[in-house]
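Hello,

Here is the structure I promised to pass on. Please open it and keep it in view while you read my notes below.

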Amino acid sequence: MKFNNLDAFQIKIATTDESNQVITMLKEVAQWMKDSGIKQWEFLLRGGDDEEIKQAVSNNVTYIIIKDKEIIATFTLSSKQSEWDNHIFGEDRLSNSLYLHRLAITPKFMKKGIGKSILHWILENINTDKELIKLDCVANNTKLNDFYKNNGFELIGIKDGHSKFQVCIK
């Protein structure tokens, strides 16, 4: 079953009470990646980013997608550059970007068009004065790079083994 939109789902900003559920879901995806031979997010399995994830939830910049009371996807969209963003993209002197992190879908909901629907939802529903959404992903993950390219993101370079993508919001 493919989803062309997210009408059957609830999208909301995660609450601090949901932080551990978000972390658990991200670790489930990280384990799936590891089991699938995808070299990405293994640090999450060791607790890497747990505090950053909790902080993003606390800052009200992490969204969750719920189906039948279960978190099936998440993403973080922040107007503040993290140290990592600064390292990959350089300092955002114009402050004209949102940074997309940790877009993840639980394995049982993968390959149903939900990722594409989430990206479209973000572009249509995020109320912002920013001009761009930027993200990075591991450069050697061809499928993920193709996913972003096929959904309107432009590859603007590679740094330290990470592809840099952006898309105009307006």
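The face of α1 turned away from its buried side carries Asn-20, Thr-24 and Asp-35, which are exposed (over 50% relative accessible area; buried is under 20%, partly exposed in between, with a 1.4 Å probe and protein chains only). This is a predicted model: local features need pLDDT of at least 70, side-chain atom pairs count only at pLDDT 80 or more, and totals for chains, interfaces and linings use all residues. Residues are numbered from 1 along each chain as its sequence is written, and side-chain values use heavy atoms, with hydrogens and water left out.

Helices (H or I, at least four residues) and strands (E, at least two) are DSSP runs, numbered from the N terminus.

Now the buried side. Ser-19, Val-22, Ile-23, Met-25, Leu-26, Val-29, Ala-30 and Met-33 are the buried residues of α1. They sit on the same side of α1 because they cover an arc of only 165 degrees around the axis (taken from the directions from the helix axis to the C-beta atoms). Their cover includes α2, α3, β2, β3 and β4. After α1 comes Gly-37, with a positive phi near 80 degrees.

Best wishes

Key. Contact means heavy atoms within 4.5 Å.
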